[in-house]
Amino acid sequence: MENVIEIKSLKKVYRDFWNRPKVVAVDGLDLSVRRGEIFGILGPNGSGKTTTLKLLLGLIFPSSGSIKIMGVSPENMECKKNIGYMPEESYLYGFLNADEILDFYGKLNAMPEKLRKKRIDEVLDLVGLTEARKRRVEDYSKGMSRRIGLAQVLLKDPELVLLDEPTIGLDPIGSREIKDIIKGLKDRGKTVLLSSHLLAEVQTICDRIAILYRGKLVEEGRVEDLLTVSNETEIITSGLKTGEVEKLKELVNKLGGNLISVGHPKETLESLFVKLIREKSGKDS
Amino acid sequence: MKKIKFPAIYIVIVISMLFITCILQSKPGLMPELYWTYFKAAALFALVFLVPLFNRKIRAIAQSVLKEEIRKKTLYVILFFMVLLVGIIHIFGKIAPGNQHIFVSELGLSGMTMFGLLFGIFMASTAIYKEMEKKTVYVMLSYPVSRQEIVMGKFIGNVISVTLFSCILSVVFILSLLLRFGFEKFELMLLYSCIGLMIEFMLIVAIAITTSTLLSTISNFIFVFIIFVLGHMTEQITHITGRLEADPIKSAGNMLLKIIPDFSRFEFKDMLNLGQTVDVNTLISSFGYALLYSAVMVSMGMLIFRKREVDRL
């Protein structure tokens with residue numbers, strides 16, 4: 001499969017006023033992101049996640065090594081037409097309203113006026129901000145700010161989407177909606193690279209992940225492969241009575257296995273919360 | 001063939017203009033002075049404002065700057081200042097000794113200089129630095145817009161804003177004078193003085209935008225203010241360096257005179273007081289000087305910001 005992002009021996013050293021090395025933020029990173037996948041970068045604070053994103057956007061420049069996005073340098077203008085970026089916080093002009101913000105970014109992306117207007121209506125509807133489109137962004141709540149941030153990404157309809165902590169600060173419903181939109185992007189063949197420290201979130205939506213620590217790559221691979229405990233077996237059944245579970249235990253022992261736990265599977269708190277709120281809002285409406 | 005980008009063309013034209021200016025100034029008879037002055041001003045105006053405005057992205061950035069300035073509290077400060085100006089004209093018009101209209105005109109022009117200086121420096125000093133501080137430039141740079149286009153868009157937007165607000169002030173100021181003293185006391189020099197101020201503000205904006213790619217808001221404010229003061233003291237510096245005998249200090253003084261902008265070119269207040277007039281050619285020549293200086297400054301700003309790491313403040 002074609003690589004959309006290729007990072008080779010990437011190093012970023014921050015220097016002080018006298019040009020002496022201060023911090024090695026990224027240290028010899030090798031990474032590749034394939035077309036059409038959702039790739040997650042994980043790591044504790046100061047592990048180099050955000051620096052990597054900044055290098056990918058051309059906001060800062062590598063000390064050594066190389067970055068190729070769709071075969072070209074991140075500073076290339078043609079490449080930027082195909083990149084969408086949603087920062088951790090809403091770094092948008094607060095004095096503009098949603099319509100004006102999207103119109104501004106549409107102009108920067110050289111979109112023709114007719115297409116721009118049509119796309120603005122579509123993306124505002126998609127992120128649920130149609131009714132608040134004339135309100136200034138500085139008056140938006142945190143959730144709404146994230147939505148308008150996502151709207152400017154969707155307006156571009158890019159091939160590669162870079163998301164920095166996409167669901168941070170959102171309530172579970174908002175978080176689920178953003179995750180659904182991210183999955184929707186994958187369904188449409190887009191490539192998504194997200195950085196997050198919310199492990200459960202990454203686990204549910206990412207195909208592959210990379211774990212960084214102190215600027216170095218610690219682990220990389222498919223989420224399923226990395227999380228599979230190969231020396232244990234999980235059996236999920238339905239319709240068994242208490243006595244029959246005992247028989248199952250005996251069978252496992254007879255076969256030489258060791259039954260570690262027997263119980264009922266549990267929903268995640270997030271899915272329970274989302275289900276209840278959706279039921280309630282359905283009844284109210 | 002590789003497409004030649006806007007900033008590259010722009011910087012090449014600015015260097016060529018500087019080169020041609022140097023040649024023509026070293027050979028005075030090459031072109032009649034008057035035509036050369038008009039040509040320079042027109043070419044520079046096209047270079048500094050018209051050519052960049054054909055670029056849709058620069059236009060969008062400039063529009064957003066203007067929108068921001070209109071929506072900020074700045075407009076209310078200007079309204080307050082206008083009321084204050086009109087009030088001053090009426091109060092001092094009654095109590096000032098001698099040539100009342102000259103005294104009031106000078107007072108109003110001094111007030112406008114102060115307003116424009118503070119407004120221009122503060123607005124332009126924050127232009128690029130604020131983008132980095134608030135991280136709005138992160139999203140902007142994820143779009144196919146170059147760093148040079150951002151600098152140019154900010155410059156044009158700030159110049160349009162400061163010119164628009166100065167125009168409003170000038171119109172109110174001149175109308176108040178006309179109402180108070182009548183049309184027979186109106187001097188064309190007053191209009192020229194207002195135009196001179198607008199040109200001066202444009203130059204201040206160009207300097208502040210360039211330095212805002214490097215310095216924080218406060219440092220930039222102080223730096224541009226020092227440049228403004230030095231730029232008004234060119235005559236004194238010339239006089240002092242002329243009397244100096246020590247070579248290194250004299251050379252440093254001469255170097256300073258070459259680098260700092262000559263703001264005295266746009267100051268017509270004293271001439272108004274002395275009853276002197278300025279001809280249109282001088283005004284156009286000063287405009288050309290300001291445009292060329294601005295073009296050089298903005299080009300420098302574009303070159304600096306091109307390799308600036310935007311997360312290092």
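**Entry 1: the model.** I reminded myself that this is a predicted model, and I read everything below with that in mind.

**Entry 2: extent of the interface.** I looked up who touches whom: 33 residues of chain B are in contact with 34 residues of chain A. The area buried between the two chains comes to about 3,100 Å², and carbon and sulfur atoms give 60% of that. On the chain B side, I found that B:Arg71, B:Tyr143 and B:Pro144 lose the most area to chain A. Together these three account for 22% of what that side buries.

**Entry 3: polar links.** I counted three salt bridges between chain B and chain A. I also noted 13 residue pairs in polar contact, both residues at pLDDT 80 or more. For a salt bridge to look at on screen, I picked B:Lys307 with A:Glu75, whose side chains meet at 3.8 Å, N to O.

**Entry 4: what chain B brings.** Which elements of chain B give two or more residues to the side that touches chain A? I listed helix H3 (56–71), helix H7 (136–140) and helix H8 (147–181). H3(B) supplies the largest share, nine residues. Sorting that side of chain B by residue class, I got 11 nonpolar, five polar and 17 charged.

**Entry 5: helix H5 of chain B.** I then turned to H5(B), residues 100–125, which has 26 residues. From first C-alpha to last, H5(B) reaches 37 Å, close to the 38 Å expected. I found 19 of its 26 residues buried, so H5(B) is largely enclosed by the rest of the structure.

Note on methods. Residues are numbered from 1 along each chain as its sequence is written. Chains are lettered from A and ligands numbered from 1 in the order in which they are written. This is a predicted model: local features need pLDDT of at least 70, side-chain atom pairs count only at pLDDT 80 or more; totals for chains, interfaces and linings use all residues. Side-chain values use heavy atoms; hydrogens and water are left out. Contact means heavy atoms within 4.5 Å. Buried area is the accessible area (1.4 Å probe) that two parts lose on being put together, summed over both. A salt bridge is a side-chain nitrogen of Lys or Arg within 4 Å of a carboxyl oxygen of Asp or Glu. A polar contact is a pair of N or O atoms within 3.5 Å; within protein, one must be able to donate a hydrogen and the other to accept it, and residues adjacent in sequence count only if both atoms are side-chain atoms. Helices (H or I, at least four residues) and strands (E, at least two) are DSSP runs, numbered from the N terminus. Ala, Val, Leu, Ile, Met, Phe, Trp, Tyr, Cys and Pro count as nonpolar, Asp, Glu, Lys and Arg as charged, and the others, Gly among them, as polar. The expected span of a helix is 1.5 Å times one less than its number of residues. Buried means under 20% relative accessible area, exposed over 50%, partly exposed in between (1.4 Å probe, protein chains only).
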